[in-house]
Amino acid sequence: MLDYLDLEADLDEEERLIRETAREFVDDRVRPEIGERFEDGSFPTDLIGEMGELGFYAPNLEGYGSPNVSETAYGLLMQELEAGDSGIRSMASVQGALVMYPIYAYGSDEQKENWLPALGEGEAVGCFGLTEPEHGSNPSAMETSAEREGEGYVLDGTKTWITNAPIADVAVVWARDRSADAIRGFLVETDREGVSTPEIEGKLSMRASSTGSLELRDVEIPVENRLPDVSGMKGPLSCLTQARYGIAWGAVGAARDCFEVAREYAGDREQFGGPIARFQLQQRKLAEMATQITLGQLLAYRLAELKERGDLRPEQVSMAKRNNVRMARETARTAREMLGGNGITTDYSPMRHMANMETVYTYEGTHDIHTLIVGEELTGIAAFE
Ligand code: TGC
Ligand code: FAD
């Protein structure tokens with residue numbers, strides 16, 4: 001497995017164990033059927049509980065059953081899951097970084113006790129509703145509203161492109177609290193009257209992932225369902241920083257899988273009387289892929305160090321998400337090319353990863369948005385409008 005700079009030599013025992021556990025899980029439980037899942041467009045729901053038992057949901061949190069593993073260990077977990085498929089990593093990172101994290105960071109004791117153990121064990125599934133049909137890159141213009149009524153709130157609005165929504169038990173919904181004119185987070189059980197979560201059909205990317213809309217029509221919730229400890233856009237945006245961190249690592253896993261498939265194929269596939277790996281053109285592609293993956297790994301490992309000591313800035317995460325996803329997108333395309341005609345089938349992973357990377361390039365802040373976030377930090381001038 002590509003680790004050109006021996007970065008893994010510095011892992012501690014726990015980090016090694018988590019990497020091995022995730023790698024074995026992907027080999028045994030994901031790889032054998034992921035091509036089929038991708039073809040028929042379904043998420044393997046039977047893995048949800050298993051992933052919980054293995055501790056794959058937010059193990060970097062502390063308490064309520066989460067063991068507080070290192071940020072490197074968490075990153076390695078995302079890397080190995082995405083080497084299997086972005087849909088698997090996405091399920092785990094939404095559950096951990098976008099649902100458990102806000103409850104952990106901003107929830108009441110009661111909300112934590114109610115939800116964190118169940119989500120951590122995979123007995124409950126969560127989703128995160130920020131994007132709306134008319135507001136994707138600019139969620140601060142959201143229209144979903146929360147009106148105070150009696151002892152609770154009434155929520156109205158539509159969220160769309162929501163990972164896990166069709167299979168979720170609870171949604172973290174970001175809405176404009178009209179009484180305070182502020183964005184607040186609400187925990188909405190999906191079996192409440194007025195909630196529907198239809199699946200989005202026709203995706204050509206992230207096919208082995210469940211994506212839906214989250215429609216809220218006069219949904220009544222008690223005031224206890226509001227996340228008490230955060231108000232304003234920093235609520236959802238701080239969750240995105242956690243998830244983008246995982247994506248910066250995950251993309252390296254997808255790219256590494258593409259590289260390994262291409263390297264093996266080039267050694268086996270014979271044309272003009274010998275393996276195609278002997279051609280300089282093919283070696284150049286492998287050398288370039290290996291170099292770019294290694295640079296992506298370095299970025300990810302450095303983010304982990306900064307995050308561990310509490311010095312990580314969101315803009316640094318943006319730089320890594322932006323770079324590593326672009327790198328994975330290009331790596332997948334090159335690997336597909338090296339596999340010739342065989343590369344366009346689900347028998348090999350690169351074209352599946354390539355299709356997935358179109359989503360990963362777009363969600364959690366598009367490539368353009370991360371360019372502008374880094375651009376703003378470099379110049380002091382925001383260029384969003
Ligand atoms: P802005 O005025 O810049 O900031 C508002 C407040 O938030 C703070 N903040 C952050 N805090 C933590 N992490 C970040 N990344 C933060 N970015 C901003 C900021 O300091 C400020 O705090 P305060 O205390 O001063 O109030 O916010 P803005 O509304 O102008 O936002 C600008 C912009 C464009 C960067 C932001 O809207 C953005 O990132 N847009 C992209 C939208 C996006 O990424 N959506 C993702 C939806 S979820 C998803 O895709 C899940 S995919 C499933 C999976 O992960 O697998
Ligand atoms: P738009 O914002 O309409 O952007 C369209 C194009 O315009 C893009 O190329 C963009 O880069 C560009 N653009 C926009 N603004 C600017 C600007 N200021 N300067 C230059 N260019 C600009 N959201 C959730 O809330 N929860 C989820 O779980 C979730 N899961 C997802 C799963 C999938 C499979 C997908 C595809 C999306 C998911 N999303 C989720 C939504 C995702 O975060 C949004 O798609 C993303 O933020 C972009 O929003 P948009 O699609 O509305 O594109």
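Predicted model: local features only at pLDDT ≥ 70, side-chain atom pairs only at ≥ 80, totals over all residues.
Which polar backbone atom is 3.0 Å from a nitrogen atom of ligand 1? The atom belongs to Ser137.

Residues are numbered from 1 along each chain as its sequence is written, chains are lettered from A and ligands numbered from 1 in the order in which they are written, and side-chain values use heavy atoms, with hydrogens and water left out.

**View 1. The domains of the chain.** The assignment gives domain 1 (7-120), domain 2 (126-225) and domain 3 (234-379). These bounds come from an automatic or database domain assignment. Between domain 1 and domain 2, the C-alpha centres lie 23 Å apart. Domain 1 puts 26 residues into the contact and domain 2 puts in 20 residues (contact: heavy atoms within 4.5 Å).

**View 2. The interface of domain 1 and domain 2.** About 1700 Å² is buried here, and carbon and sulfur atoms give 70% of that area. Buried area is the accessible area (1.4 Å probe) that two parts lose on being put together, summed over both. Five residue pairs, both at pLDDT 80 or more, are in polar contact across this interface. A polar contact is a pair of N or O atoms within 3.5 Å; within protein, one must be able to donate a hydrogen and the other to accept it, and residues adjacent in sequence count only if both atoms are side-chain atoms. Zero salt bridges are found (side-chain nitrogen of Lys or Arg within 4 Å of a carboxyl oxygen of Asp or Glu).

**View 3. The surroundings of ligand 1.** Ligand 1 has 26 residues around it, and Ser90, Thr241, Arg244, Glu364 and Gly365 come nearest. A residue counts as near if one of its heavy atoms lies within 4 Å of the molecule. The side chain of Glu364 has an N or O atom 2.7 Å from an oxygen atom of ligand 1. At Gly365, a polar backbone atom is 2.8 Å from an oxygen atom of ligand 1.

**View 4. The surroundings of ligand 2.** Here 16 residues surround the ligand, with Thr131, Ser137, Trp161, Thr366 and Asp368 the closest. Thr131 has a polar side-chain atom 2.7 Å from a nitrogen atom of ligand 2. Trp161 uses a polar backbone atom, 2.7 Å from a nitrogen atom of ligand 2. Thr366 places a polar side-chain atom 2.7 Å from an oxygen atom of ligand 2.
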